[in-house]
Amino acid sequence: MVRVQVPATAANLGPGFDCLGMALQLYNTVEMARANAGLLIEVQGEGAADIARDESNIVYRAAMRVFKHTESVPQGLKIKLLNQIPVARGLGSSAAAIVGGLIAANILAGNKLSQKELLALATAMEGHPDNVAPALLGGIVVSVAVDGEIKYVKIPPPRGLKAVLAVPDFSVLTKTARDVLPQLVSLQDTVFNLGRLALLITAFHQGDLSLLPTAMEDRIHQPYRASLVPGMKKVLAAARLAGARGVCLSGAGPSLLAFADGNFELIARVMRDTFQQSGIRARTMVLNISPVGARALETV
Ligand code: HSE
């Protein structure tokens with residue numbers, strides 16, 4: 001039996017649409033073992049009531065990609081999922097499922113695939129690398145797919161920076177959040193995001209948190225997605241007033257993220273209360289950036 005732990009992730013971080021993401025200290029665990037026949041999937045924790053227990057399960061589908069690729073398809077499989085990551089909330093639950101399935105299966109198959117190959121397979125399943133790359137590698141990661149290969153750079157997280165998250169009690173599918181985006185964006189908005197993304201990556205590198213309010217602004221996805229998250233603009237503004245350094249939609253949403261280096265509980269309370277004013281119930285979490293990505297906890 002293998003046991004693999006995979007972190008939650010927040011993608012985009014404002015301007016870095018589809019190319020920037022970070023791992024958070026909130027984890028899903030995938031246990032996987034070969035069996036003589038059949039497929040048995042057990043799920044505990046987040047999403048337990050809704051997650052598929054059949055061959056459509058994402059962890060299983062990811063695992064089968066590895067088994068087929070390495071010509072080591074088992075006769076049967078047992079999978080146990082212990083989930084801490086809220087599902088369809090913009091915290092990388094599907095990326096964690098994909099990465100967890102790939103890594104667990106790769107260990108069972110004798111580690112035949114390299115990390116680079118696993119990252120390419122994960123990106124092919126997810127459609128973009130910005131969640132799967134930090135889920136696999138940890139930290140803050142810039143990633144780009146080039147002809148099926150993923151080029152990436154890991155950025156050391158600034159000291160003392162935490163993510164305060166407000167997680168609403170409704171879900172938004174990534175597909176829905178992508179369907180509201182325009183096919184084309186203006187040169188002006190592109191230039192707006194380019195400058196901010198360059199500032200943001202440099203700010204992380206230099207630990208200069210004073211740049212974050214400007215560096216996390218975005219014009220190419222968040223304005224369109226605001227319609228899917230009632231109260232989004234008010235919650236983000238309130239978090240800033242309460243002392244957050246920079247704020248954004250987490251991934252495709254609906255969770256909202258505030259970077260802070262203090263006042264964590266105050267910022268969390270203000271975000272929750274402001275959501276409440278728009279009739280949305282939200283839970284809050286204060287999370288460290290996870291320096292480590294997916295890893296095997298033990299192999300029996
Ligand atoms: N970059 C992706 C998006 C992340 O914003 O749609 C969600 O999977």
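# Briefing on a predicted protein chain

Among contacts in the protein chain (heavy atoms within 4.5 Å) between residues at least 6 apart in sequence, 74% join residues at least 24 apart. The model is predicted: local features need pLDDT of at least 70, side-chain atom pairs count only at pLDDT 80 or more, and totals for chains, interfaces and linings use all residues. Residues are numbered from 1 along each chain as its sequence is written, and side-chain values use heavy atoms, with hydrogens and water left out.

**Overall form**

- The protein chain contains 10 helices and 11 strands; these are DSSP runs numbered from the N terminus, helices being H or I of at least four residues and strands E of at least two.
- Its radius of gyration is 19 Å, close to the 19 Å that the globule rule gives for 300 residues, so the chain is as compact as a globular protein of that length. The radius is taken over C-alpha atoms, and the rule is 2.2 Å times the number of residues to the power 0.38.
- Along the principal axes, the C-alpha atoms fill a box of roughly 60 × 40 × 35 Å.

**Surface and charge**

- Of the 300 residues, 55% are buried (under 20% relative accessible area; exposed is over 50%, partly exposed in between; 1.4 Å probe, protein chains only).
- The accessible surface comes to about 13,000 Å², and carbon and sulfur atoms hold 51% of it; areas come from the Shrake-Rupley method with a 1.4 Å probe, and for residues only the protein chains shown count as cover.
- The mean positions of the 29 positive and 23 negative charges lie 3 Å apart. Lys and Arg count as positive and Asp and Glu as negative, without His and the chain ends; each charge is placed at NZ of Lys, CZ of Arg, CG of Asp or CD of Glu.

- Val141 has Lys154 in β6 as its bridge partner.
- The hairpin has 2 residues between its strands, and Asp147 takes a positive phi near 50 degrees there.

**Backbone exceptions**

- Most residues other than glycine have a negative phi, and most peptide bonds are trans.
- Asp18, in strand β2 (residues 16-35), has a positive phi of about 65 degrees.
- Glu71 has a positive phi of about 50 degrees and sits in the loop between α1 (58-69) and β4 (76-83). Glu71 is exposed, with a relative accessible area of 75%.
- A cis peptide bond, with omega about 5 degrees, joins Gly253 and Pro254. Pro254 belongs to the loop between β8 (246-249) and β9 (256-260).

Methods. Pairing = 2+ DSSP bridges.
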